Amino acid sequence: MTQRAIPALAALVVIVVTASLGNWQLRRADEKSGILKAREDAARSIPMQLQAANLNGLVPAQMAQKAVQLNGVFETERSVFIDNRSLNGKAGFHVVTPIKIDGTEQRVAVLRGWVARDIRDVTQVPVLQPTSAVQVTGVVETNLGRQFDLKTLSNIDPAQMQTPPKSQKIWTQFDPKPYAQWSGLSVAPIIVRQTSVLDDGLIRQWTVKADDVSKHQGYAAQWFAMSATTLLLWLYFGLVKPYRRSNQKSSLSANEQ
């Protein structure tokens, strides 16, 4: 490999990586913009009552971001805790608990809220307050958010996760299908993000702000600017400057002759 090829290859790597990161930030901005609009629409709509009749044959994609209402009992002992969920700089979990719908053996996974973790023992799960019969209002989600993998510049699909061991209650991701296998319950293929108030000690801060969209757009602009700057620097130092130096040498040689 020539000396000129090494800087060119390094520049190419930087340009590709920064452009990919910029595109990812734009996709995140579009995603959050869509969520923001969908949640605003859901907040203005009348919740759909989820019962045994309409849970059968339910198509998750058609229910995404719809406002729903459930009557039943939380099966607190079957809760799982989604790790690496911070709130205001504090480490914690998102709590997912199945609710047994009245009059059926069908369950629906409910994203109930956030709880802080015990920093003295990271393997310890919080003790949840018991609840009796509840009426829960929320919004249907198809998954609980994707994790970004810098190695592949792609999103990890929660549906591809492996079923954790039976004794494991701390999960890194959540999807209803692996949860149904883990719990042995009949679980609907959706997740309901709870928005109704319930005195259970959990914190529910689900707001997606317009600032979040502009934040991602700003990050995208920074990555694209870095990509463009790298390209311009490479063009100047890799092509323009050597070309000028070559012309100067040619001129000197011609004058000496």
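Trainee: Which residues of α4 are buried?

Mentor: This is a predicted model, in which local features need pLDDT of at least 70, side-chain atom pairs count only at pLDDT 80 or more, and totals for chains, interfaces and linings use all residues. Residues are numbered from 1 along each chain as its sequence is written, and side-chain values use heavy atoms, with hydrogens and water left out. Buried means under 20% relative accessible area (1.4 Å probe, protein chains only), and helices are DSSP runs of H or I of at least four residues, strands runs of E of at least two, numbered from the N terminus. The buried residues of α4 are Pro 176, Pro 178, Tyr 179, Ala 180, Trp 182 and Ser 183.

Trainee: Why is helix α4 largely enclosed by the rest of the structure?

Mentor: Helix α4 spans residues 176-183. Its buried residues pack against β3 (80-82), β4 (92-101), β9 (170-171) and β10 (186-194), where contact means heavy atoms within 4.5 Å. Helix α4 is largely enclosed because, of its eight residues, the number buried is six.

Trainee: Which residue follows α4?

Mentor: The residue after α4 has a positive phi, near 75°. That residue is Gly 184.

Trainee: Is Leu 232 buried or exposed?

Mentor: Leu 232 belongs to helix α5 (residues 210-256). The cut-off for exposed is over 50% relative accessible area, with partly exposed lying between buried and exposed. Because its relative accessibility is 58%, Leu 232 counts as exposed.
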